[in-house]
Amino acid sequence: MSFVDQVVIVTGAARGIGAEYAHAFAQEGARVLVADVSDGEDTAAKARSLGVDAAWVRTDVRLRSEADAMVAAALQRWGRVDVLVNNAARYAGLYRGPLESIPPQEWDDVMAVNVRGVWNTTAAVLPSMRAAGSGAIVNIASTTALKGTAHNLHYVASKGAVLAATRAIAREVGPHGIRVNCVTPGLVDNEASREGQEDTFDIRAADRARERSLARDMHPVDVVGAVLFLASEAGAFISGQQLTVDGGGIFV
Ligand SMILES: NC(=O)c1ccc[n+]([C@@H]2O[C@H](COP(=O)([O-])OP(=O)(O)OC[C@H]3O[C@@H](n4cnc5c(N)ncnc54)[C@H](O)[C@@H]3O)[C@@H](O)[C@H]2O)c1
């Protein structure tokens with residue numbers, strides 16, 4: 001799964017699981033653009049310390065203009081985009097509870113980042129991928145969408161939309177040699193999962209661990225292999241698929 005000389009954009013890579021993806025692509029020789037609304041300079045610097053070129057471009061994926069600027073920055077610096085990982089999302093600290101009480105503004109913002117964001121960045125990257133006749137897009141969904149997890153409707157619905165969009169985009173862009181797949185992680189033990197859930201996270205995580213075939217906690221690094229595989233030549237004839245990474249917790 002070599003990415004030597006390839007150009008990879010990872011959205012939401014300033015921290016969390018996205019930062020792990022950026023690091024792993026850099027380890028495999030990719031030039032990496034960290035696209036995040038938050039400061040992603042640390043992630044970019046860590047990638048550069050591995051001997052590849054990397055940069056952070058401040059990007060709010062809710063806005064098409066910023067998605068376009070993200071792609072323009074990659075093209076200006078490296079002349080191509082081979083891989084787009086749509087990882088940016090509103091997840092940390094979201095409201096959890098009865099659906100009647102979801103703050104409407106939060107509902108709209110979750111959809112704007114998690115769904116419209118995927119649309120914006122995908123639309124932005126398509127012209128250059130179409131011109132190249134190749135490209136790989138990996139979207140990040142969540143097992144919550146497969147399980148229908150209660151009390152988190154806006155997030156769950158947004159990730160269901162990411163799954164459906166993966167299939168529809170795969171069919172639309174396949175004729176241009178572009179592949180689109182989706183990785184569906186289970187509950188990861190990280191800062192974002194704990195935010196606002198400090199009292200209950202350990203209990204939830206222990207429950208999830210018990211449900212898994214591989215009965216342990218899940219960590220950001222556990223998701224990396226699936227993303228690199230789907231982005232790589234090894235996945236050259238795979239498109240429109242979703243790959244669940246949750247230690248064998250649910251089977252679909
Ligand atoms: N942590 C988990 O348990 C888990 C499980 C399944 C799926 N996921 C998904 O994995 C991805 C990463 O999650 P994480 O745990 O690392 O969360 P995180 O909150 O640590 O990372 C999300 C990143 O997205 C960025 N972001 C938010 N809004 C943005 C915007 N408008 N434009 C650009 N960037 C924006 C944030 O700044 C942050 O760096 C998300 O898509 C999440 O839904 C996470």
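Modeller: The axes of helix 4 and helix 6 (residues 153-173) come within 9 Å of each other and cross at roughly 15°. This is a predicted model, in which local features need pLDDT of at least 70 and side-chain atom pairs count only at pLDDT 80 or more, while totals for chains, interfaces and linings use all residues. Residues are numbered from 1 along each chain as its sequence is written, and side-chain values use heavy atoms, with hydrogens and water left out.

Biologist: Why are helix 4 and helix 6 called roughly parallel?

Modeller: Axes are lines fitted to C-alpha atoms, for helices over the stretch in contact, and angles run from 0 to 180 degrees between N-to-C directions. Angles under 35 degrees count as roughly parallel, over 145 as roughly antiparallel, 65 to 115 as roughly perpendicular and the rest as oblique. The crossing angle is roughly 15°, and helix 4 and helix 6 are therefore roughly parallel. Their crossing is right-handed. The contact (heavy atoms within 4.5 Å) involves residues of helix 4 including Trp107, Val110 and Met111, and residues of helix 6 including Tyr155, Ala157 and Val162.

Biologist: What makes Asp109 a buried residue?

Modeller: Buried means under 20% relative accessible area, exposed over 50%, and partly exposed in between, with a 1.4 Å probe and protein chains only. Asp109 has a relative accessible area of 14%, so Asp109 is buried. Asp109 belongs to helix 4 (residues 104-132); helices (H or I, at least four residues) and strands (E, at least two) are DSSP runs, numbered from the N terminus.

Biologist: How do you know that Asp109 and Arg90 form a polar contact?

Modeller: A polar contact is a pair of N or O atoms within 3.5 Å; within protein, one must be able to donate a hydrogen and the other to accept it, and residues adjacent in sequence count only if both atoms are side-chain atoms. The side chains of Asp109 and Arg90 are joined by such a contact at 2.6 Å. Apart from neighbours within four places in sequence, Asp109 is in contact with Arg62 and Arg90.

Biologist: Why is Thr11 called buried, and which backbone nitrogens lie 2.9 Å from a polar atom of its side chain?

Modeller: Thr11, in strand 1, has a relative accessible area of 2%, and is therefore buried. The backbone nitrogen of Asn87 lies 2.9 Å from a polar atom of the Thr11 side chain, and the backbone nitrogen of Ala88 lies 2.9 Å from one.

Biologist: What makes Met70 buried, and which residues does Met70 touch?

Modeller: Met70, in helix 3 (residues 64-78), has a relative accessible area of 0%, so Met70 is buried. Not counting residues up to four places away in sequence, Met70 touches Thr11, Leu33 and Thr121, among others. Met70 and Leu33 are 37 residues apart in sequence and 8.4 Å apart in space, C-alpha to C-alpha.

Biologist: Why is Asp5 called partly exposed, and what is its phi?

Modeller: Asp5 has a relative accessible area of 49%, so Asp5 is partly exposed. Asp5 is found in the segment before strand 1 (7-11), and its phi is near 70°, a positive value in a residue other than glycine. Most residues other than glycine have a negative phi. His151 also has a positive phi, of about 70°, although it is not a glycine; His151 is found in the loop between helix 5 (143-147) and helix 6.

Definitions and conventions
A crossing is left-handed if the near helix is turned anticlockwise from the far one by less than a right angle, and right-handed if clockwise.
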